[in-house]
Amino acid sequence: TLLLPSRCFFVLPPLAMSDPSGHLNYEGQIQGHRGWVTALVCPQTTDSSVKVLSASRDKTLKTWVAPNERHSTDADYAVPSRSLEGHAGFVQDVALTNNAEYALSASWDRSLRLWNLKTGACFGKFHGHTKDVLSVAFSPDNRHILSGGRDSKLNIWNVKGECVYTL
């Protein structure tokens, strides 16, 4: 990744797509964060309008969608469609539900947040770590959440934001 101080935004790494023969084709860069990009996740469904969800040290998450028209590799590969704001610290990690309708963010503000990607609304705040939250994941059935923090704890949560077990 490359920080371009003159324009004060962050450039995500170049994106590449593979053609049927397996060769990678350069598709361009996406620009929008004002800090280091800390995590990227792509939906595992083809019907999602979101192409990429990114987390950053600028304390935000951004959803990225395909532009209406793209005629060259100089044109934007994706454009930010929504900025998810509310964390008081760096956003370290992000995870998506299987259907890519909800996202979960882990932050250095010691919290996790559950987001509705269609509306941008924060559905819940999960508090229980005593230091930075570094990693987050959904269970395969999306009914439980696992978080890991700098406090050396692994917490298992239900989707209501209740910590049901700590390891």
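Predicted model: local features only at pLDDT ≥ 70, side-chain atom pairs only at ≥ 80, totals over all residues.
Residues are numbered from 1 along each chain as its sequence is written, and side-chain values use heavy atoms, with hydrogens and water left out. Local features need pLDDT of at least 70 and side-chain atom pairs count only at pLDDT 80 or more, while totals for chains, interfaces and linings use all residues.

Strand β12 takes in residues 111-116 (strands are DSSP runs of E, at least two residues, numbered from the N terminus). Six of its six residues are buried, meaning under 20% relative accessible area with a 1.4 Å probe and protein chains only. On one side sit Ser111, Arg113 and Trp115, and on the other Leu112, Leu114 and Asn116, so both faces are covered.

β12 pairs on two sides (pairing takes at least two DSSP bridges between strands). Five bridges tie it antiparallel to β11, residues 102-107, with serine 105 opposite arginine 113. Three residues separate these strands in their hairpin, where arginine 110 has a positive phi near 75 degrees. Another five bridges link β12 to β13, residues 122-127, again antiparallel, and here leucine 112 faces phenylalanine 126. This hairpin has five residues between its strands, and glycine 120 in the turn shows a positive phi of about 80 degrees.The second largest pocket holds about 160 Å³ of space, a volume being the space filled by probe spheres set on grid points joined across faces, edges and corners. A pocket here is an open set of points on a 1 Å grid over the protein atoms alone, where a 1.4 Å probe fits, with protein on both sides within 12 Å along at least five of seven lines; lining residues have an atom within 4 Å of a point. Among the lining residues are Asp47, Asn99, Glu101, Leu117 and Lys118. By class, the lining has three nonpolar, four polar and three charged residues (Ala, Val, Leu, Ile, Met, Phe, Trp, Tyr, Cys and Pro count as nonpolar, Asp, Glu, Lys and Arg as charged, and the others as polar).

Terms used: Buried < 20%, exposed > 50% of the residue type's maximum accessible area, 1.4 Å probe, protein only. Helix = DSSP H or I, 4+ residues; strand = E, 2+ residues; numbered from the N terminus.
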